[in-house]
Amino acid sequence: MGVQIGDKVPEFSLLDQHGQWFSIGSILGKKPFVLFFYPKDNTPGCTKEACDFRDGYDDFKGLGAEVIGISADTHQTHSGFAKKHRLPFLLLSDRQNKVRKLFGVKPSFLGLLPGRETYVVDKAGTIIMIYNSINALQHRNSALHALKAL
């Protein structure tokens, strides 16, 4: 079933693109954040989405929020992807899709692709927005709108 708006964000830890463990608990209670789940590094739609978040990163920082991307790619693939596209935020490696399942991210394109979903979490750790769309260029604006409403 996954999480719903109003739920507390589940605790998890994953490797980031630098090969370091990142625990979501390290930012809970400190700042709001955006988690965007995407299918795969270096694919056209996912590159557009990641670069769109990159291009709006200063807007998120201006609101005191952090942005974190999650896919099943390895941390090494994430490292190359982040360097190639100058991504200023963390990319987390969910190799077994455990966090994707924990959140209840639904597959897309007739179940053939991992889903593209964005979650906005307030400073207290409560999920305030869930956005599910295959359209990669709508996630950033939806997340910004939710954060501005805080």
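Mentor: Burial terms come before anything else: buried means under 20% relative accessible area, exposed over 50%, and partly exposed in between (1.4 Å probe, protein chains only).
Trainee: Fine. What kind of model is this?
Mentor: This is a predicted model, where local features need pLDDT of at least 70, side-chain atom pairs count only at pLDDT 80 or more, and totals for chains, interfaces and linings use all residues. Residues are numbered from 1 along each chain as its sequence is written, and side-chain values use heavy atoms, with hydrogens and water left out.
Trainee: Backbone first. What is phi of N42?
Mentor: Near 65°, which is positive in a residue other than glycine.
Trainee: Where does N42 lie?
Mentor: In the loop between β3 (33-37) and α1 (44-55). Helices (H or I, at least four residues) and strands (E, at least two) are DSSP runs, numbered from the N terminus.
Trainee: And why does N42 count as partly exposed?
Mentor: Because its relative accessible area is 40%.
Trainee: What about phi of R86?
Mentor: Near 50°, again a positive value in a residue other than glycine. R86 sits in the loop between α3 (75-84) and β5 (90-93).
Trainee: Is R86 buried or exposed?
Mentor: R86 is exposed, at 60% relative accessible area.
Trainee: Switching to rings. How many aromatic pairs are in the whole structure?
Mentor: The search finds 10. Rings of Phe, Tyr and Trp (its six-membered ring) pair if their centres lie within 6.5 Å; planes under 30 degrees apart count as stacked, over 60 as edge-to-face and the rest as tilted.
Trainee: How do F36 and F53 pair?
Mentor: Their centres are 4.4 Å apart and their planes are at 15°, so the pair is stacked. F36 is in strand β3 and F53 in helix α1, so the contact ties together parts 17 residues apart in sequence.
Trainee: Are those two buried or exposed?
Mentor: F36 is buried, at 0% relative accessible area. F53 is buried too, also at 0%.
Trainee: Next, F37 and F103. What geometry do their rings have?
Mentor: The centres are 5.3 Å apart and the planes at 55°, so this pair is tilted. F37 belongs to strand β3 and F103 to helix α4 (residues 98-103), so the pair ties together parts 66 residues apart in sequence.
Trainee: What are their accessible areas?
Mentor: F37 has a relative accessible area of 0%, so F37 is buried. F103 is buried at 1%.
Trainee: Last one. Which residues form one aromatic cluster?
Mentor: F36, Y38, F53, Y57, F60, F81 and F89.
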